[in-house]
Amino acid sequence: MADAERLLSKGEARRAAILAAARQALLDDGYSQVSLRMITQVLGISLGNLQYYFPTKDSLIAAVIVQETERSAALLRAIAWDPKTPERCIREAVEALLRSYAGPAGRFYAIAEFLALDDPRYARLKAEGYGALHDDTGRLVAVMAPHLDEARCAALARVLMALIDGAALQLQIADGQTENGRVDAMIDDISRAMGKLLESWE
């Protein structure tokens, strides 16, 4: 049993290393330049070893996209959502996601968006991931604003994610000019806008 646990742990570590290398290759070189052989060279492993975990390039890239979506959801779940302090909750959610998207996560997000435009497989994956993230956001909004019905909570979640998505793309289009002042201003603007919506829906 101990040997099996050690093997599982080693396998999970190898899988994580492959995903990290693929994510970095996507950021550095773009989708068209990434290949399984490139990843094997970076990690010093055989092609057969890599294909044990990810048989094709598409299965590898899909796994990276899923992992990235899960990271965003984890940022939201880490917030102590409290209906007594909705303004703080909104700001923490916006800040967590935008500070993440101001860095490499945002570049990856933009790449995934463009992949979804050209390939129905990635479009489906994006829709599934975005749907899950939206559901998480909706549940958190419901905790933050228990006086609102399910439809209004869902609407607020959509508005919040749309504002964050727009800000994230602006940060990436700005040629990497993501200094803290710019990010802070976006966090302030989105937080104020969501606070006004909450007030108007009391």
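Analyst: In this predicted model, a helix is a DSSP run of H or I covering at least four residues, and helices are numbered from the N terminus. By that rule the chain reads α-α-α-α-α-α-α-α-α from the N terminus on.

User: How many helices and how many strands does the chain have?

Analyst: The chain has 9 helices and 0 strands. Its C-alpha trace spans about 60 × 45 × 30 Å along the principal axes.

User: What share of the residues counts as buried, and what share of the accessible surface belongs to carbon and sulfur atoms?

Analyst: Of the 202 residues in the chain, 41% count as buried. The accessible surface comes to about 11,000 Å², and carbon and sulfur atoms account for 55% of that area.

User: How far apart in sequence are the residues that the contacts of the chain join?

Analyst: When contacts between residues at least 6 apart in sequence are considered, 69% of them join residues at least 24 apart.

User: What charged side chains does the chain have, and how far apart are the centres of the two sets?

Analyst: There are 23 positive and 28 negative side chains, with the centres of the two sets 4 Å apart.

User: Why is E68 called buried?

Analyst: The relative accessible area of E68 is 10%, and buried means under 20%; E68 therefore counts as buried. This residue lies in helix 4, which covers residues 57–77. Residues up to four places away in sequence being set aside, E68 touches R23, A105 and F108.

User: What makes G131 partly exposed?

Analyst: G131 has a relative accessible area of 27%. Partly exposed residues fall between the 20% limit for buried and the 50% limit for exposed, so G131 is partly exposed. G131 belongs to helix 7, residues 120–144. Its C-alpha atom is separated by 21 Å from that of D58, 73 residues away along the chain.

User: Why is helix 4 called roughly parallel to helix 7?

Analyst: The axes of helix 4 and helix 7 cross at roughly 10 degrees and come within 10 Å. Angles under 35 degrees count as roughly parallel, and helix 4 is therefore roughly parallel to helix 7. On the helix 4 side the contact includes D58, I61, I65, T69 and R77, while helix 7 contributes residues including R121, L125, L133 and L140.

User: How do you know that W81 is buried, and which residues does W81 contact?

Analyst: The relative accessibility of W81 is 13%, and the limit for buried is under 20%; W81 therefore counts as buried. W81 sits in the loop between helix 4 and helix 5. Beyond its neighbours within four places in sequence, W81 is in contact with L76, C89, A93, L140, V143 and M144. W81 and V143 are 62 residues apart in sequence, yet 6.7 Å apart in space from C-alpha to C-alpha.

User: What makes V141 count as buried?

Analyst: V141 has a relative accessibility of 1%, and buried means under 20%, so V141 counts as buried. V141 is placed in helix 7. With residues up to four places away in sequence left out, V141 touches C153, L156 and A157. S191 is 50 residues from V141 along the chain, and their C-alpha atoms are separated by 13 Å.

Key
Residues are numbered from 1 along each chain as its sequence is written. This is a predicted model: local features need pLDDT of at least 70, side-chain atom pairs count only at pLDDT 80 or more; totals for chains, interfaces and linings use all residues. Side-chain values use heavy atoms; hydrogens and water are left out. Helices (H or I, at least four residues) and strands (E, at least two) are DSSP runs, numbered from the N terminus. Buried means under 20% relative accessible area, exposed over 50%, partly exposed in between (1.4 Å probe, protein chains only). Contact means heavy atoms within 4.5 Å. Accessible areas come from the Shrake-Rupley method with a 1.4 Å probe; for residues, only the protein chains shown count as cover. Lys and Arg count as positive and Asp and Glu as negative; His and the chain ends are not counted. The place of a charge is taken as NZ of Lys, CZ of Arg, CG of Asp or CD of Glu. Axes are lines fitted to C-alpha atoms, for helices over the stretch in contact, and angles run from 0 to 180 degrees between N-to-C directions. Angles under 35 degrees count as roughly parallel, over 145 as roughly antiparallel, 65 to 115 as roughly perpendicular and the rest as oblique.
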